[in-house]
Amino acid sequence: MNAKIADTLNFVSKLTLKRLINALKILASYYYSKFAKVSFIKGMPMSISFEPTTSCNLRCPECPSGLRSFTRPTGMLEGELFKKTIDELAPTLTYLIFYFQGEPFLNPQFLQLVKYASDKKIYTATSTNAHYLNEEIAKLTVTSGLDRLIISIDGTTQETYEQYRIGGKLDKVIEGTKNIVKWKKALKSKTPHIIFQFLVVKPNEHQINEVYELAHSLGVDEVKLKTAQIYDFENGSPLLPSIDKYARYKKNNQGKYEIKRNLDNSCWKMWHSCVITWDGKVVPCCFDKDAHYQLGDMNATSFNTLWTSKSYQAFRKTLVKSRSEIEICKNCTEGTKVFT
């Protein structure tokens, strides 16, 4: 069976009746809010991102973890906080994205927490730079029940790879990938679905075809090309690709760069998902990397109370009234479409 089809069927297998009903409530709430210009929410999030840690072994540019530029504290997600949250959300939660900032495999409890969510039939995904996938960890990753493993590989030669993944070793990425593929076969496991994620930037755009060839040779299931978010994009950047379809930004009549997508007064993510930092802070989405827009704290309240709180509702109302007022939205290329 085609690997993408198998992954889709695996995801569909997680959809209980209660989760489907919840999804319909969220969908209806979103469209009503969007067209009526109000903040209305019924149902719980279908997807959340949980941050295992803000720590990272690499120093990638355009990444707060890599630049060590956070104003919020660095730390590790604790099991008690995670399990309390998952226990509350599991009946309606379909998808758990197990990353935000940092390298997930640096958290020593990471795979235990993955298994906890997997045992509740939640589709689990994570993203890694693959430097810690030795034989033992690779085997534990497969047995944890992780459904999707995204491996960042932004070059097919060390020279190119290290221009963005500063401090990284391509041979470690390849070794880690081989270990996962090996243990999937040894354990006759269909998961995790392995994805090579290739962040297209100027230094590596000439290797796009090569990453597909490398993925195929290693037994990787899928390759995804991703556009790069640039923080100070107005005056351009050496990272901006010359291939227009892989650039989030375009040059305007004044010779400055601007984001391609119009900033619509809507955001699907604010109705169906959220991000929880390692220390329990709930923020709107993955663009709030430094947690400036804290909408609640899982250490202080239940998620249900937080999800429908006045502060969350006020934030959603601002989105449908005047999204341009929200700073993190100004560099956003996602979130306006339900089906992409």
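Are Asp-147 and Lys-14 buried or exposed? Both are buried, where buried means under 20% relative accessible area, exposed over 50%, and partly exposed in between, with a 1.4 Å probe and protein chains only.

Some housekeeping. This is a predicted model, in which local features need pLDDT of at least 70 and side-chain atom pairs count only at pLDDT 80 or more, while totals for chains, interfaces and linings use all residues. Residues are numbered from 1 along each chain as its sequence is written, and side-chain values use heavy atoms, with hydrogens and water left out.

Back to the charges. The structure holds 14 salt bridges, a salt bridge being a side-chain nitrogen of Lys or Arg within 4 Å of a carboxyl oxygen of Asp or Glu. Asp-147 forms one with Lys-14, with the closest N and O atoms 3.6 Å apart. Asp-147 lies in the loop between helix 6 and strand 4, and Lys-14 in the loop between helix 1 and helix 2, so this pair ties together parts that are 133 residues apart in sequence. Helices (H or I, at least four residues) and strands (E, at least two) are DSSP runs, numbered from the N terminus.

Another salt bridge joins Lys-4 and Glu-222, with closest N and O atoms 4.0 Å apart. Lys-4 is in helix 1 and Glu-222 in strand 6, so the parts tied together are 218 residues apart in sequence. Lys-4 is partly exposed at 47% relative accessibility, whereas Glu-222 is buried at 11%.

Next, strand 1, residues 47-50. Ser-47 and Ser-49 point one way, Ile-48 and Phe-50 the other, and all are buried. In a regular strand the side chains alternate between the two faces of the sheet. Strand 1 pairs in the parallel sense with strand 2 over 3 bridges, and in the parallel sense with strand 9 over 4 bridges; pairing requires at least two DSSP bridges between the strands. Ser-47 stands opposite Tyr-95 in strand 2, and Phe-50 has Ile-276 of strand 9 as its bridge partner.

Ile-48 also touches residues including Leu-89, Leu-96 and Cys-274, contact meaning heavy atoms within 4.5 Å.

Last, the cysteines. How many disulfides are there? The count is 0, with a disulfide defined as a pair of cysteine sulfur atoms within 2.5 Å. For Cys-286, the nearest cysteine sulfur belongs to Cys-285, 5.2 Å away. Cys-286 is partly exposed at 28% relative accessibility, and Cys-267 is buried at 5%.

Notes. Lists of a residue's contacts leave out its neighbours within four places in sequence.
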